[in-house]
Amino acid sequence: MIPRDRFVDKLLPWLLLGGNLLCAVALELAHDEAYYWLYARHLDWGFFDHPPLVGLMIAATSWVPGELGVRLGFVLATQGIAWALARALPRERRWQVWLSFHAFPLLAFAGVFALPDGAFVVAAFLWLLALRRSLGADTVLSALLVGGASALLLYAKYHGVLLIAGALVAVPGLLRRRTFWLATLVGLALFLPHLLWQYQHDFVSLRFHFFQRPTVSPGWRQPVQYLALQLVFAGGFAGPLLWSEILRLRASSEFEKVLRGTVFFALVFFALSTLNKKLEANWLIVMAPPMVMLLTSQPYLLGAWVRRLALLSASVTFVARLVMVAPPEWHGLKRGREVAGWRAWAQRVEELSADCHLVANTYQVASKLSFYLRREVPALNVRSRANQFDLWQFQKTIPEGPVCWVTKDRRRFQGEPVRSPDGKELILVKGLTLADILKHRTE
């Protein structure tokens, strides 16, 4: 049993915040974080892969130097949401919120890394809070809050539409409310700039997510993996018991119907997606906010065994984040090599390319070089998937002449080995022009 005195109520939030800040400062940027840092440097109403909230959150704290400036908004926003949820509960139950935020592995890491998942978590909790207010007090103000929160949800991640659809399936009576249609108009009006951006860019994001995402042949393997992930995603070791409790729970209010409905709507949607789309672990983050609110809204739902296993899961997640701070050779985690050693590697690449303009092939390498060299390094995407660099076209600012190209194409080209910290056998090719490189796109 977790102690519930005031000492623990005060210590636990600060302990968890301290752990998140330590990771935010000590870990170098992951590939996608560096990519989204470039979003923040070129703010727009939309981007190739994602809506713009992740870039806006990074831009808000970019005045802070280093990796902390990229991640600080995500650390403080998720901590602030958890604090607000905890304050709404009786003092003896506030620990449940802090435990939930760290027993759910994806939620725990969303509070550290600057990714669309973190932006989504913040927006989803705000949307659920606004909807709870609207269900309790059907007023114009509540409708305006729901509309604004709905737009924020979609600006965070397109998956937000699953929460909105799940709520309507769970409580179809919402469609009969005038305030629902007011909220819809407000949300659409606020989201209109992004829709216009999509129109101006030939709906590039929709085409990417629906038609260009990696596909798999139909089979049983991915659906089984997806269901197995559910047991770990929802509270780690406590996952099976938490799902059992949720399945047995009978909603006693419209808001609890919404929470259950959004969880199961997203669960089924992604289960069907595994039939032909490559499984992505971050799909599961969509279910985390409604599950946490559902679990913490029921004082009797978390039994003794659930609490013990959730505490064990939260402890493992907390320690795992601290382990990642250690040098990768100490722990051997493959993921750890993505967040260590890149600053020194970028400096070495710069020294080798001091006499020519630097370009890279993939968005991951180009983004890392851009962040750690503090200048925009183009990604040319030769035989690599399309991304935001195709829209930015940074290479057009490079004068004519030879460039230095970081690529893994060792079969076609000779160059200086520049093996990356995550083990990729890259080379630095000199003497080619941009035209020489780009012609290989069509080969």
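Rings of Phe, Tyr and Trp (its six-membered ring) pair if their centres lie within 6.5 Å; planes under 30 degrees apart count as stacked, over 60 as edge-to-face and the rest as tilted.

**View 1. A cluster of aromatic rings.** Ring pairs join Tyr35, Tyr36, Tyr39, Phe47, Tyr363, Phe389, Trp392 and Phe394 into a cluster. Across the whole structure, a search finds 26 aromatic pairs. The model is predicted: local features need pLDDT of at least 70, side-chain atom pairs count only at pLDDT 80 or more, and totals for chains, interfaces and linings use all residues. Residues are numbered from 1 along each chain as its sequence is written, and side-chain values use heavy atoms, with hydrogens and water left out.

**View 2. Phe101 and Phe125, a stacked pair.** The ring centres are 5.3 Å apart and the planes meet at 20°, so Phe101 and Phe125 count as stacked. Phe101 lies in helix α5 (residues 95-103) and Phe125 in helix α7 (residues 116-136), 24 residues apart. Helices here are DSSP runs (H or I, at least four residues), numbered from the N terminus. Both Phe101 and Phe125 are buried, meaning under 20% relative accessible area (1.4 Å probe, protein chains only).

**View 3. Phe270 and Trp283, also stacked.** Their centres are 5.2 Å apart, with 15° between the planes. Phe270 is in helix α14 (residues 254-273); Trp283 is in the loop between α14 and α15 (288-296). Phe270 is buried at 1% relative accessible area. Trp283 is buried at 8%.

**View 4. Charges over rings.** A charge sits over a ring if NZ of Lys or CZ of Arg is within 6 Å of the ring centre and within 35 degrees of the ring normal. Lys368 has its charged end over the ring of Trp342, 3.8 Å from the centre. Arg374 has its charged end over the ring of Phe371, 4.4 Å from the centre.

Conventions:
Helix = DSSP H or I, 4+ residues; strand = E, 2+ residues; numbered from the N terminus. Buried < 20%, exposed > 50% of the residue type's maximum accessible area, 1.4 Å probe, protein only.
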